[in-house]
Amino acid sequence: MAQTTPRSARPRDAAATRRAILDSALVAFSRSGFDGTGTREIAGNAGVDPRLITRYFGSKEGLFTEVVAELFRTPLIGASGTNRTAARNSLTAESGDPDPMLLILRSAANPQAAEIMRERLETSSQRQLAEQLPGDDATARAALLLSMCTGVRMFRSVIGDTAFTHADVDRLATYLERALDAVAAGDSEQDRTSPR
């Protein structure tokens with residue numbers, strides 16, 4: 001009787017398995033949002049058993065929390081004088097995977113996902129940005145800067161506003177950079193004493 005050879009199993013490596021799940025989830029949540037993404041899909045694309053999501057992340061919500069932490073680890077925007085890149089990215093970045101801006105937009109309708117994102121933004125990206133900003137209202141101005149870039153991305157990439165289709169990106173980037181820099185700079189002492 002012929003002996004069957006067992007299929008070669010994936011070597012056990014907890015760190016690699018966890019990373020594969022996280023990478024798959026980054027793409028899936030960016031593309032379909034929290035509600036449109038299932039754990040079976042994430043596990044399938046990672047090449048793992050769906051039960052491993054529970055083992056490594058506790059739940060879909062726990063996995064989403066890790067994804068959000070991963071995406072917002074790098075600041076999305078800088079302080080005054082450093083916003084040329086943020087302006088150009090808002091106007092030119094393709095909707096690839098993973099995309100933090102699209103993850104925000106596509107997941108915000110779910111209250112639990114919105115709470116996870118709000119908490120992460122307020123305790124990482126927004127706080128880091130606020131710490132770089134001079135003057136009063138730094139936290140509110142940091143939130144304004146992030147929302148300006150997100151809004152531009154939404155109009156361009158999600159809604160597909162045709163005003164962006166044939167526009168001169170360099171000119172628009174200059175306008176947006178000026179607006180971002182103005183919010184980032186805040187009111188200087190000279191601004192407060194100048195006649196309006």
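Exposed means over 50% relative accessible area, buried under 20%, and partly exposed in between, using a 1.4 Å probe and protein chains only. The model is predicted: local features need pLDDT of at least 70, side-chain atom pairs count only at pLDDT 80 or more, and totals for chains, interfaces and linings use all residues. Residues are numbered from 1 along each chain as its sequence is written, and side-chain values use heavy atoms, leaving out hydrogens and water.

Select Arg178. Arg178 sits in helix H10, residues 169–185 (helices are DSSP runs of H or I with at least four residues, numbered from the N terminus). Arg178 counts as exposed because its relative accessibility is 56%. Arg84 and Arg178 are 94 residues apart in sequence, yet 8.7 Å apart in space, C-alpha to C-alpha.

Next, show H7 (residues 111–123) and H8 (residues 125–132). Their axes are 3 Å apart and meet at an angle of about 25°. Axes here are lines fitted to C-alpha atoms over the stretch in contact, with angles from 0 to 180 degrees between N-to-C directions. So H7 is roughly parallel to H8 (roughly parallel means an angle under 35 degrees). In contact (heavy atoms within 4.5 Å) are Arg120, Leu121, Glu122 and Thr123 of H7 with Ser125, Gln126 and Arg127 of H8.

Move on to Asp137, in the loop between H8 and H9. Asp137 is not a glycine, but has a positive phi of about 60°. At 59% relative accessibility, Asp137 counts as exposed.

Finish at Ile159. Ile159 belongs to helix H9, residues 138–159. Its relative accessibility is 53%, so Ile159 counts as exposed.

Note on methods:
Helices (H or I, at least four residues) and strands (E, at least two) are DSSP runs, numbered from the N terminus. Angles under 35 degrees count as roughly parallel, over 145 as roughly antiparallel, 65 to 115 as roughly perpendicular and the rest as oblique.
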